[in-house]
Amino acid sequence: MAIALRGTSSTTNTAPPKPTGTVEGDLMVAYIIVYDSTNTCTPPSDTVPWNALNGASGHQVAGGETQLFAFWKIAGASESASYTFTLDPGGYTEYMIENA
């Protein structure tokens, strides 16, 4: 079985929406890019938990003022319409969630 991109959602809102077409069993990957120095990013508490993508979460890029956080999960039978990731401290942020 080939892996294919099923959907993408992106926003600067603090609660990015679930990608259209998400079904149970989909691999979901969330990317959070913060353009101010942020120390932590906590994923939402869902029935099926989000997991930090090793090596990416909290990675500083562009001289340390920008950080990338990445999380993955397998979509459950009943997914939220959106997901709230908590940043401490916050800053200008872009979110993207993809599913396959």
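Select phenylalanine 85 and show its neighbours: leaving out residues up to four places away in sequence, Phe85 touches Thr14, Pro16, Ala30, Ile32, Cys41, Thr42, Pro43, Pro44, Trp50, Phe71 and Tyr95. Touching, or contact, means heavy atoms within 4.5 Å.

This is a predicted model, in which local features need pLDDT of at least 70, side-chain atom pairs count only at pLDDT 80 or more, and totals for chains, interfaces and linings use all residues. Residues are numbered from 1 along each chain as its sequence is written, and side-chain values use heavy atoms, without hydrogens and water.

Stay on Phe85, which is buried at a relative accessible area of 3% (buried is under 20%, exposed over 50%, partly exposed in between, with a 1.4 Å probe and protein chains only).

Next, look for ring pairs; the structure holds 3 aromatic pairs. Rings of Phe, Tyr and Trp (its six-membered ring) pair if their centres lie within 6.5 Å; planes under 30 degrees apart are stacked, over 60 edge-to-face, and the rest tilted.

Trp50 is in the loop between β3 (40–42) and β4 (51–52), and Phe85 in the loop between β6 (66–74) and β7 (86–88), 35 residues apart. Strands are DSSP runs (E, at least two residues), numbered from the N terminus.

Phe71 lies in strand β6, 14 residues from Phe85.

Notes:
Helix = DSSP H or I, 4+ residues; strand = E, 2+ residues; numbered from the N terminus.
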